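Subject: Structure handover

Hello,

Here is the model I promised to pass on. My notes on it follow below.

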Amino acid sequence: MDVKIEKIVNKLDLLPHPEGGFYKETYRSGGVIPKETLGHEFSGARNYCTAIYFLLTSNNFSAFHRIKQDEIWHFYTGSSLYVHVIDPNGLYTKYTVGTNFEKGEQPQLLVPAGCWFASSVKDDSSYSLVGCTVSPGFDFNDFELAKREDLIAAYPDYKDVITQFTRI
């Protein structure tokens, strides 16, 4: 691991994330939304909101996955980050999260609940440090890692990008 990246991982006490990269939960609200208020897709109560640091390196990617909540991405430092999104209607969009406003980058991005999404670092030999805020709060029961074969069957027009950003 690059010395600068290792320093960030150690300083922020980041852990490996199941979808790729490193993370640390930085906030979990004390307030809880009861299950009956959330609807049938949730298996139980959820905190109002959660937030994490997320660090991704250019020699890795965050694999396609989806969650049942909205997720807001916040850019902090390093290379800009591509976020690849397939919405429930089957529309693929590649967003760039960063601060090069002249090139259309944005420092925040909302990925709506139920979208499949993956991410990758824009520049070679670099990293992206971002934050992700989820509401209602994140719970691994709401996390689904995509299976390449199933995602390609559902969205065959995006076979190349799905193949590139899935592991199983």
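Serine 80 is buried, at a relative accessible area of 12%. Here buried means under 20% relative accessible area, exposed means over 50%, and partly exposed is in between (1.4 Å probe, protein chains only). This is a predicted model: local features need pLDDT of at least 70, side-chain atom pairs count only at pLDDT 80 or more, and totals for chains, interfaces and linings use all residues. Residues are numbered from 1 along each chain as its sequence is written, and side-chain values use heavy atoms, with hydrogens and water left out.

Serine 80 sits in the loop between strand E7 (70-78) and strand E8 (81-86). Helices (H or I, at least four residues) and strands (E, at least two) are DSSP runs, numbered from the N terminus. Leaving aside neighbours within four places in sequence, serine 80 is in contact (heavy atoms within 4.5 Å) with Phe75, Thr96, Val97, Gly98, Glu105, Val121, Lys122 and Ser128.

Histidine 74 is in strand E7. Histidine 74 is buried too, with a relative accessible area of 18%. Its side chain makes a polar contact with the side chain of glutamine 108, at 3.5 Å. A polar contact is a pair of N or O atoms within 3.5 Å; within protein, one must be able to donate a hydrogen and the other to accept it, and residues adjacent in sequence count only if both atoms are side-chain atoms. Not counting residues up to four places away in sequence, histidine 74 touches Pro107, Gln108, Val130, Gly131, Cys132 and Thr133.

Now the rings. Phe, Tyr and Trp rings (for Trp, the six-membered ring) pair if their centres lie within 6.5 Å; planes under 30 degrees apart are stacked, over 60 edge-to-face, the rest tilted. The count comes to 8 aromatic pairs. Tyrosine 53 and tyrosine 76 are edge-to-face, 6.1 Å centre to centre with 75° between the planes. Tyrosine 53 lies in strand E5 (residues 50-57) and tyrosine 76 in strand E7, so the pair ties together parts 23 residues apart in sequence. Both are partly exposed: tyrosine 53 at 27%, tyrosine 76 at 43%.

Phenylalanine 61 and phenylalanine 165 also form an edge-to-face pair, at 5.6 Å and 80°. Phenylalanine 61 is in strand E6 (residues 61-66) and phenylalanine 165 in the segment after helix H4 (159-164), 104 residues apart. Phenylalanine 61 is buried at 17%, and phenylalanine 165 is buried at 5%.

The charged end of arginine 167 sits over the ring of phenylalanine 61, 3.9 Å from its centre. The rule: NZ of Lys or CZ of Arg within 6 Å of the ring centre and within 35 degrees of the ring normal. Lysine 94 lies over the face of tyrosine 82, 4.0 Å from the ring centre.

Last, the cores. A nonpolar core is a set of buried Ala, Val, Leu, Ile, Met, Phe, Trp, Tyr and Cys residues joined through side-chain atoms within 4.5 Å. The largest has 17 residues; Phe54, Trp73, Leu81, Val83 and Val111 touch the most other members. E5, E7, E8, strand E10 (108-111), strand E11 (116-121) and strand E12 (127-135) each supply at least two of its residues. A second, separate core of 14 residues includes Phe64, Ile86, Tyr155 and Val161. Ring pairs also link Phe54, Trp73 and Phe117 into a cluster.

Best wishes
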